[in-house]
Amino acid sequence: MKNVVQVDPKSPQKNVIERAARVLQEGGLVAFPTETVYGLGAHALDAAAVRRIFAAKDRPDWDPLIVHVRDVGMARSLARELPSAFEGLTQRFWPGPLTLVVQKMEGVPDEVTARRSTVALRMPRHPVASALLAAVRLPIAAPSANRFGRPSPTSAKHVVEDLGDRVDLILDAGPTPMGVESTVLDLTQTPPAILRPGGISREELERVLGRVTLGANISDELVAQGLAAPGMTTKHYAPRARIELLEGDVETQALLLKKRLAELVALGKKVEVLIHQGDNDSLARTLYAQFREMDARGADVILCPLPSAEGIGLAVRDRLLRAAGKGGHS
Ligand code: TXA
Ligand code: MG
């Protein structure tokens with residue numbers, strides 16, 4: 001496609017970055033890689049540009065966006081009243097896959113925050129995202145670059161599939177290193193609450209903060225009314241195929257797998273099995289691409305053994321539970 005440009009993931013070409021920065025400065029949309037997933041970016045202080053993100057994604061206007069910042073100074077300029085934990089968390093985890101929800105400064109458009117008094121801030125660590133933020137010198141509002149409700153994109157091909165020419169420019173730097181989204185941590189609550197588990201684990205956060213809580217699982221109805229924490233819709237991050245979870249220890253899962261496979265095949269279903277080779281990090285990296293590939297092959301059912309909740313496993317379990325329509329976190 002003519003709007004896709006290759007860029008070196010380790011040392012991004014200056015001319016490509018400058019072109020992307022110009023598109024953003026002029027109010028256009030740029031899809032770019034982060035260490036987690038691809039984002040769909042727009043100038044965060046330009047309300048019209050931000051509205052184009054919602055239109056491109058078919059995203060409902062009650063679901064607020066993450067604002068990506070170049071450094072801690074830019075984050076401070078967008079926030080009012082920074083809680084004391086902010087300093088230590090940003091020192092330890094920024095740049096990186098941690099999004100912090102704080103009280104917002106007045107200038108942040110209502111479109112970005114879905115009329116909330118808070119804003120979600122994150123400083124990404126992917127060299128392409130960092131270079132873009134340095135070149136554009138503006139905060140970039142960017143949700144994941146997928147159609148609303150679809151699995152997040154971990155390659156430029158996924159962005160093209162979902163958004164195609166709804167985006168002005170797509171920076172293709174190959175697959176993203178982590179594969180699941182950032183951890184969203186609400187610092188306006190005491191103790192801080194994980195609204196979405198992600199790239200920074202609960203254990204890592206607890207080492208800095210002491211106690212953190214896991215945000216309550218909130219009903220779709222409340223979310224649709226804009227009353228509950230956003231981004232917590234149960235049916236989310238989902239392939240078209242039906243997800244069937246396999247719980248229990250490894251042996252139990254193996255037995256269940258064999259049984260369900262036989263039963264579903266006997267019913268004439270096209271069944272796929274989520275491949276988990278090695279540790280939870282590698283599962284996280286391939287999860288969304290596997291969903292998309294299995295959909296493309298016409299799967300009816302995807303059998304998914306649930307990984308342990310350690311480290312990034314908590315985020316993977318959350319996405320699998322949501323994809324199965326069961327809500328997240330457990
Ligand atoms: O890794 C990531 O976080 C990726 C990359 C592109 O940075 N972005 C991403 O954005 O996953 P998105 O929009 O798909 O998810 C953002 C999440 C949503 O669950 C949203 O509801 C939540 O953050 N969020 C944003 N602003 C919020 C706020 N003020 N309060 C509570 N939650 C908020
Ligand atoms: Mg998303």
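A helix axis here is a line fitted to C-alpha atoms over the stretch in contact, and an angle between two axes runs from 0 to 180 degrees between N-to-C directions. Keep that in mind for the helix pairs on this tour. One more point before you click: this is a predicted model.

**Stop 1: α11 and α12**

Select residues 280–296, which form helix α11, and residues 313–323, which form helix α12. Their axes are 9 Å apart and meet at an angle of about 25°. Angles under 35 degrees count as roughly parallel. The pair α11 and α12 is therefore roughly parallel. Their crossing is left-handed.

Now show the side chains in the contact. On α11, pick N280, L283, A284, L287, Y288 and F291. On α12, pick G313, V316, R319, L320 and A323. Sorted by class, this contact of α11 with α12 has eight nonpolar residues, two polar and one charged.

**Stop 2: α1 and α6**

Go to helix α1, residues 14–25, and helix α6, residues 127–136. The axes are again 9 Å apart, at an angle of about 60°. α1 and α6 are therefore oblique to each other. The crossing of α1 past α6 is right-handed.

Which residues of α1 and α6 make the contact? From α1, select I17, A20, A21, L24 and Q25. By class, the contact of α1 with α6 has nine nonpolar residues, one polar and no charged ones.

**Stop 3**

Select α4, residues 85–93.

Color the contact residues. α4 gives A85, G88, L89, R92 and F93. α8 gives E204, L205, V208 and L209. The classes in the contact of α4 with α8 are six nonpolar, one polar and two charged.

**Stop 4**

P95 sits in the loop between α4 and β5, residues 98–103. Zoom in on the peptide bond that joins W94 and P95. That bond is cis, with omega about -5°. For background, most peptide bonds are trans.

**Stop 5**

Where is P191 found? Look in the loop between β9, residues 183–186, and β10, residues 193–196. The peptide bond joining T190 and P191 is cis, with omega about -10°.

**Stop 4: A114**

Select A114. Its place is the loop between α5, residues 110–113, and β6, residues 118–122. The phi of A114 is near 50°, a positive value in a residue other than glycine. Most residues other than glycine have a negative phi.

**Stop 5: ligand 1**

Finish at ligand 1, which has 25 residues around it. Which of these come nearest? They are T36, D63, H68, S182 and R196.

Now turn to the polar side-chain atoms. S182 has one that lies 2.5 Å from an oxygen atom of ligand 1. In H68, a side-chain N or O atom is 2.7 Å from a ligand 1 oxygen. For R59, a polar side-chain atom lies 3.0 Å from an oxygen of ligand 1. Draw these distances in your viewer to end the tour.

Notes:
Residues numbered from 1 in each chain as written. Chains lettered and ligands numbered in written order. Predicted model: local features only at pLDDT ≥ 70, side-chain atom pairs only at ≥ 80, totals over all residues. Heavy atoms only, no water. Helix = DSSP H or I, 4+ residues; strand = E, 2+ residues; numbered from the N terminus. Parallel < 35°, antiparallel > 145°, perpendicular 65-115°, else oblique. Left-handed = near helix turned anticlockwise from the far one by under 90°. Contact = heavy atoms within 4.5 Å. Nonpolar A, V, L, I, M, F, W, Y, C, P; charged D, E, K, R; others polar. Near = heavy atom within 4 Å. Polar contact = N/O pair within 3.5 Å; in protein donor to acceptor, adjacent residues only side chain to side chain.
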